[in-house]
Amino acid sequence: MLKLARAILPARARRRLLRNFLHERKEFLSQQTKALPSVKLEERHIANLKMLVNRKALLRLLPQNGVGCELGVNTGEFSRQILRLANPAKLTLVDPWDTERYGEKKFQAVSKRFADDIAAGRVELIRGYSTEAGKGFADGTFDWVYIDTTHAYELTRDELRLYAHKVKPGGILAGHDYSKGNVVSGVVYGVIDAVQEFCVENDWEFIHLTMEPQTPSFAIRKIGAAA
Ligand SMILES: C[S@@+](CC[C@H](N)C(=O)[O-])C[C@H]1O[C@@H](n2cnc3c(N)ncnc32)[C@H](O)[C@@H]1O
């Protein structure tokens, strides 16, 4: 594309094209960012927050031998770490594996990777969307749920609202990419906005944030649940 533009357009026209493209991209990202809710946290939402160095440290602090769920699995690399570090008695993995990037091959790889644990009933694969699959779980099923799907505001909001009922009283909702977006690909995320809005509207508090610069994780629970 760039080669073609160089071949057929004079330098000044190329510069104008690039300026227009960058301007439109900036406008687009700005619109997307402005569309997100801006809800302010209060001191009580972070009174028990403990920062952690990375999400492996978070896994070590999740209730051991519990019942857990990962939404958004990809190849199951993080699921493998979950099994090792959080040592769940039962782990449910939910993903539709229905796109070109995350498709059939990855589903097959995950099925193979966890074949022994699936046969033993320790791992369950659910091929479906988080919000659809969620309706099939009884309330209070999980000790914790880790959300790592599209990072869009609307989906994260809906996942938090739904899975808040699917964790036990005092259960933990956690997730990846607690950030404003991917700076390299220029994609806006709504995770921060959805999580903060959820905490304020439902009286939940942060218990952990992890310190990876581009891809922090969060963990929240109902205020007063630890007492
Ligand atoms: C970033 S990857 C997950 C990475 C994985 N948790 C890890 O840390 O290695 C995102 C995954 O979310 C899945 N996904 C996208 N939309 C989803 C949805 N609505 N429900 C469940 N999974 C979804 C994609 O198919 C993809 O496999």
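In which sense do strand β6 and strand β10 pair, and over how many bridges? Strand β6 (residues 167–175) and strand β10 (residues 218–222) pair in the antiparallel sense, over three bridges. Strands pair when DSSP finds at least two bridges between them; the strands are DSSP runs of E with at least two residues, the helices runs of H or I with at least four, numbered from the N terminus. Within this pair, L173 has I220 of β10 as its bridge partner.

Before going on, know that this is a predicted model, where local features need pLDDT of at least 70 and side-chain atom pairs count only at pLDDT 80 or more, while totals for chains, interfaces and linings use all residues. Residues are numbered from 1 along each chain as its sequence is written.

Now step back to the sheet. It's an open one of eight strands with mixed pairing, in the order β1-β9-β10-β6-β5-β2-β3-β4. β1 (50–52) and β4 (123–126) stand at the edges with a single partner strand each, so one side of each has no neighbour in the sheet.

Next, look at helix α8 (residues 153–166) and helix α9 (residues 191–202): their axes come within 8 Å and cross at roughly 35 degrees. Axes here are lines fitted to C-alpha atoms, for helices over the stretch in contact, and angles run from 0 to 180 degrees between N-to-C directions. Among the residues making the contact are L160 of α8 and F198 of α9, where contact puts C-beta atoms, placed from the backbone, within 7 Å. α8 also lies across β2, β5 (142–147) and β6, running at about 150 degrees to β6.

Note on methods:
Two residues are in contact if their C-beta atoms, placed from the backbone, lie within 7 Å.
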